[in-house]
Amino acid sequence: MMTVVAGPWFVLQTTGSAAKTGLVGAALVLGSVVPTVVGGPLVDRLGFKRASVLADLASAATVACVPVLYLAGLLTFWELLALMFVLSSINSQGDTARYGLVPALANIGAMSIERANAAERAVVRIGSLVGPLLAGVLIALVGAANVLFVDAATFSASATIVALGVPMRASRAATLEATDERGHASDLALGVPSGATGSAKVPSEARGGYFSELLAGLRFAVANKLILWMVLVATIGNSLDKPLIYVIAPVYAKTIYGNPESLGLMVGAFGGGALVGTFLYGVVARRLPRRLTYLSCFVAAPVVGFGTLALTPPLGWSSPRQLWQA
């Protein structure tokens, strides 16, 4: 979340181009989509804990390369695009690995999966609130390039926490469960009835290579209509939503308010709204019709968000959208 603020602001500061800021945002979005799909089998093979730690260390090195090359006078725009794409790609694999660890950690901690998921989502929302606010303040104090060094340190801290805090038995249990699920997906892709081959007992190496596992997962997603429609809706929503964060908000903050703190406050407000919305939904969810609630929020969110920005209000009113969306 610090990179979401510092990266686009860094581009605007150094190039003054909204178009180039948009290309950096596109690199971040593409990196979080395509490699995530193709990297799932690789995360399974590495193991969730190992994949998480390696992804964070690689992300730290990648994000640190941007200010290092810039301060040395060696950074070109196309190199920046490549680094942002690689950073988003690697970080997405780390997210996949950490999501995979949640059920096993919940089991070890004698916590229900619902509570574990709620806690994990709440922490992510808090990060979405604190990260942009901190980045906005630090940009004003030390500059966008140095904020990227700070972000590299946070990736290193994440790697350390997972390496020292996650028990190996949790990683082994999560990886074993993933292998079981992959085996069932492979059976379905080959037209074999689920469980007919005893897939949980067949080593993953015996099931074919990387591409067969990837194809099995894709076929499983296509065959499951609920998952397919969730993917399509999320894809369309993100294609409309991400430009607001990566392009419109930085240019808007620089043009209308003229300082990086305003960008941090705007992006932080999205995270804060998401956190509040998550808690509110948890309180009233049982009394709300799911389909109507989902459709109402999905329609109201862009109207409130983009409509408010179009009115160029004072800063305190510029970011209510995520409360509706959450």
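## Burial and basis

Buried means under 20% relative accessible area, exposed means over 50%, and partly exposed lies in between (1.4 Å probe, protein chains only). Threonine 293 counts as buried, because its relative accessibility is 17%.

This is a predicted model: local features need pLDDT of at least 70, side-chain atom pairs count only at pLDDT 80 or more, and totals for chains, interfaces and linings use all residues. Residues are numbered from 1 along each chain as its sequence is written, and side-chain values use heavy atoms, with hydrogens and water left out.

## Overall fold

The chain has twelve helices and zero strands. Helices (H or I, at least four residues) and strands (E, at least two) are DSSP runs, numbered from the N terminus. Read from the N terminus, the order is α-α-α-α-α-α-α-α-α-α-α-α.

The chain holds 326 residues, and 39% of them are buried. Contact means heavy atoms within 4.5 Å. Of the contacts between residues at least 6 apart in sequence, 78% join residues at least 24 apart.

## H1 against H6

Two packed helices are described by the angle between their axes and the distance between the axes. Axes are lines fitted to C-alpha atoms, for helices over the stretch in contact, and angles run from 0 to 180 degrees between N-to-C directions. Helix H1 covers residues 2-15 and helix H6 covers residues 144-165. Their axes come within 9 Å and cross at roughly 155°. H1 is therefore roughly antiparallel to H6. Angles under 35 degrees count as roughly parallel, over 145 as roughly antiparallel, 65 to 115 as roughly perpendicular and the rest as oblique.

The crossing of H1 past H6 is left-handed. That term applies if the near helix is turned anticlockwise from the far one by less than a right angle; clockwise gives right-handed. H1 contributes Met2, Thr3, Ala6, Gly7, Trp9, Phe10 and Gln13 to the contact. H6 supplies Ala144, Ala145, Val147, Leu148, Val150, Asp151 and Thr154. By class, this contact has nine nonpolar, four polar and one charged residues. Ala, Val, Leu, Ile, Met, Phe, Trp, Tyr, Cys and Pro count as nonpolar, Asp, Glu, Lys and Arg as charged, and the others, Gly among them, as polar.

## H3 against H6

H6 also packs with H3, at an angle of about 165° and with the axes 8 Å apart. H3 is thus roughly antiparallel to H6. The H3 crossing past H6 is left-handed. Its contact with H6 has 18 nonpolar, four polar and three charged residues.

Alanine 64 sits in H3, which spans residues 48-71. It is buried, at 17% relative accessible area. Leaving aside neighbours within four places in sequence, alanine 64 is in contact with Phe149 and Ala152. Its C-alpha atom is 9.1 Å from that of alanine 145, a residue 81 positions away along the chain.

Glycine 217 belongs to helix H8 (residues 210-223). It is partly exposed, at 33% relative accessibility.

Proline 243 lies within helix H9 (residues 225-257). Its relative accessibility of 32% makes it partly exposed. Beyond residues up to four places away in sequence, proline 243 touches Asn238 and Ile248. Glycine 22 is 221 residues apart from proline 243 in sequence, yet 7.5 Å apart in space, C-alpha to C-alpha. In helix H11 (residues 290-310) sits threonine 293. Not counting residues up to four places away in sequence, threonine 293 touches Tyr281 and Leu288.

## A loop residue with positive phi

Alanine 110 falls in the loop between helix H4 (77-108) and helix H5 (113-142). Its phi is near 55°, a positive value in a residue other than glycine. Alanine 110 is exposed, at 75% relative accessibility.

## Cysteines

A disulfide is a covalent bond between the sulfur atoms of two cysteines. Here the test is a pair of cysteine sulfur atoms within 2.5 Å. The structure holds zero disulfides. Cysteine 65 is partly exposed, at 34% relative accessibility. Cysteine 297 is also partly exposed, at 23%.
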